[in-house]
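Take a walk through this structure with the coordinates open beside you.

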Amino acid sequence: MAELRGRSNNKVYRALEKLGSGGEGAVYSIAGDPTRVMKIYHDPKPDLISKITKMVESNLKHSMDVSFPEELIFEGNLFRGFVMKRVKGDSFSSVYATST
């Protein structure tokens, strides 16, 4: 994976272990920061950066119960994903899924 940098902090983020993957992207642990993970999109759509920017700017990122985008990640000038708090517990998909 190429060098990924935070938009506001210019920090370099290096992916370690892939923790999960879905239709939009994959979630990775971050080298040197066991309290955060990053979601990297497979194919980020142009309107996605606006949506994620609004999420980063919201106060929900300070919630203790929700993992929410904290920092946008870029590969050069290309938006690739975001950093979020690492939380323990069930995955959203397992909580949200309904049985038939």
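Arg5 and Glu3 join their side chains in a salt bridge, with 3.0 Å from N to O. The model is a predicted one. Arg5 is partly exposed, because its relative accessibility is 30%. Glu3 is partly exposed too, at 47%. Side chains of opposite charge can pair when their charged atoms come close.

The count of salt bridges comes to 5. One of them joins Arg36 and Glu70, at 2.7 Å from N to O. Arg36 counts as partly exposed, with 25% relative accessibility. Another salt bridge joins Glu75 and Arg80, at 3.4 Å from N to O. Are these two partners buried or exposed? Glu75 is partly exposed, at 30% relative accessible area. Arg80 is buried, because its value is 16% and buried means under 20%.

Now step back to the sheet. Strands of a sheet pair through backbone hydrogen bonds, either parallel or antiparallel.

Follow the pairings one by one. Strand β1, residues 4-6, meets β6 in the antiparallel sense over 2 bridges. Here Arg5 returns: Arg5 stands opposite Phe74 in β6. Next, β5 and β7 run antiparallel and share 5 bridges. Arg36 also returns, opposite Lys85 in β7. Strand β4, residues 25-30, is joined to β5 by 6 bridges, again antiparallel. Val27 has Lys39 of β5 as its bridge partner. The hairpin of β4 and β5 has 2 residues between the strands. In this hairpin, Gly32 takes a positive phi near 80°.

Asn10 has a positive phi as well, about 55°, although Asn10 is not a glycine. Look for Asn10 in the loop between β1 and β2. Asn10 is partly exposed, with a relative accessible area of 48%.

Turn to the helix. Which residues of α1 are buried? They are Leu48, Ile52, Thr53 and Val56. These residues cover an arc of only 130° around the axis, so they sit on the same side of α1. Their cover includes β5, β6 and β7. The face of α1 turned away from the buried side carries Lys54 and Glu57, which are exposed.

Leu60 is partly exposed, at 47% relative accessible area. Leu60 and Glu70 are 10 residues apart in sequence, and their C-alpha atoms are 9.3 Å apart in space. Glu70 is also the salt-bridge partner of Arg36.

Now look at the nonpolar interior. In soluble globular proteins, nonpolar side chains tend to be buried together. The largest nonpolar core here has 10 residues: Val37, Tyr41, Leu48, Ile52, Val56, Leu72, Phe74, Phe79, Phe82 and Met84. Which elements give two or more residues to this core? They are β5 (33-41), α1 (48-57), β6 (69-75) and β7 (78-85). A second, separate core has 9 residues, including Tyr13, Met38, Ile40 and Ile73.

Finish at Phe82, a member of the largest core. Leave aside its neighbours within four places in sequence. Phe82 is then in contact with Val37, Met38, Lys39, Tyr41, Ile52, Pro69, Glu71, Leu72 and Ile73. Val37, Tyr41, Ile52 and Leu72 belong to the largest core with Phe82. Met38 and Ile73 belong to the second core. Lys39 is the bridge partner of Val27.

How values were computed
Residues are numbered from 1 along each chain as its sequence is written. This is a predicted model: local features need pLDDT of at least 70, side-chain atom pairs count only at pLDDT 80 or more; totals for chains, interfaces and linings use all residues. Side-chain values use heavy atoms; hydrogens and water are left out. A nonpolar core is a set of buried Ala, Val, Leu, Ile, Met, Phe, Trp, Tyr and Cys residues joined through side-chain atoms within 4.5 Å. Buried means under 20% relative accessible area, exposed over 50%, partly exposed in between (1.4 Å probe, protein chains only). Helices (H or I, at least four residues) and strands (E, at least two) are DSSP runs, numbered from the N terminus. Contact means heavy atoms within 4.5 Å. Two strands pair if DSSP finds at least two bridges between them. The arc is that of the directions from the helix axis to the C-beta atoms. A salt bridge is a side-chain nitrogen of Lys or Arg within 4 Å of a carboxyl oxygen of Asp or Glu.
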